[in-house]
Amino acid sequence: MPSQLIPLKKALAFILAETQENTAVIEVSLPEALGYVLAESQQAAIDVPEFDNSAMDGYAVNTSDLDEPGCSLPVSQTIAAGHPGTALEPGTTARIFTGAPVPEGADAVVIQENTRAEEGTVAVMEIPAAGANIRLMGHDVARGSEILQAGQRLRPQDLGLLAALGISSVSVKQQLKVAIINTGDEVVAPGQSLQSGQLYDSNSFTLDGLLTGLGMQVIKKGIVDDSLEATQSALESAAKEADCIITTGGVSVGDEDYVRQAVESLGQLALWKLAIKPGKPFSYGRIHDVPFFGLPGNPVAVFVTFVMLVRPYLLKMQGAVKLSLPKFRAKVDFDIPTANSRQEFIRVKLNEDAKGEQVLEAYGIQGSSIMTSLSWADGLAEIPAGETVTRGQRLNYFPFKGML
């Protein structure tokens, strides 16, 4: 294993090439399917809509019956949504409401605002083109077409689309089980009394939320004492229960950092130390045949390394096809005159300046232990290695919204 720092892009390519996709498939009902990854592509068994229907409240007409603006036609019937009418009698119009089936013989709908109702008749003040205000059968979804591809993580709008096609259950990839292990004699669970030199565990709560948001099942293994034996025991136990193991802390070079030693004694450490800030002491390997990620102990480094590396790995393992984070270029409202030798991710917030332009504001303290920076921010800005930043420059911006 090389000792030099590994660039993020190279590390990500390496771990993604190692990913073994989950093959377990289950059937779930539509209300339960949110966040799951589709195991099979979905085809439409019906047209949506299944009939030509009115896009507006108004009057169904045959445009050949309209001589000039202001001409009147007798109203022969009223058609409401869910109640098919009869064929349109020549020389007449039908009162029609949004979503109602367009009667045979009609080729347009005159919107209500372009008519003047009279006793038993209606005057058409503006003559529509043939096809106006009619939603044709299958114009949304055509029977037999593919509507969702295998590998799609199901969103609320996807569930709505499936429901519109009468689909009540889908085959999805079974959720991954991910074990979280925290290390450190100094770490205690919230609710306990802090002793001198101790601090509360926050990393497992951040990871729990991130993993749950990705549709994973979380196995919390708790806080492990700083000893090789305790660390080995926790990793062995996690490997028997989980599809992937994530630890926080214990992967640096200190005398009390036992995770690296434990992993190498039980399996293989394939990657260690990245050329990023925060997140340098990141590691990846396997405990027996179970993938392992060793994240740094500092909370910001945990967040950054998870979203940049662990998230795409887990999504690919789950069978998802879309792995990359949402990002766009945004102008910055700050200067960083000193270049860093490592690729850096800083906490930022997208604001609007006096001209109405969107600009990125950086949090004042960017240390990897500053949890308030993550709570304050709404995204991360990427600074390439070896580059300074000048106000007005554009950087890659990764919004937190969309990371889950």
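Guide: Ser54 lies in strand S3 (residues 53-54), where strands (E, at least two residues) and helices (H or I, at least four) are DSSP runs numbered from the N terminus. This is a predicted model, in which local features need pLDDT of at least 70 and side-chain atom pairs count only at pLDDT 80 or more, while totals for chains, interfaces and linings use all residues. Residues are numbered from 1 along each chain as its sequence is written, and side-chain values use heavy atoms, with hydrogens and water left out.

Ser54 counts as buried because its relative accessibility is 0% (buried is under 20% relative accessible area, exposed over 50%, partly exposed in between, with a 1.4 Å probe and protein chains only). Leaving aside neighbours within four places in sequence, Ser54 is in contact with Ile96, Phe97, Thr98, Gly99, Ala100, Val102, Val109, Asn133 and Arg135, contact meaning heavy atoms within 4.5 Å.

Turning to the rings, a search of the whole structure finds nine aromatic pairs (rings of Phe, Tyr and Trp, the last by its six-membered ring, with centres within 6.5 Å; planes under 30 degrees apart are stacked, over 60 edge-to-face, the rest tilted). The rings of Phe328 and Tyr397 have centres 5.1 Å apart and planes at 70°, so this pair is edge-to-face. It links distant parts of the chain, Phe328 being in strand S22 (residues 328-332) and Tyr397 in strand S26 (residues 394-399), 69 residues apart. Phe328 is partly exposed at 36% relative accessibility, whereas Tyr397 is buried at 3%.
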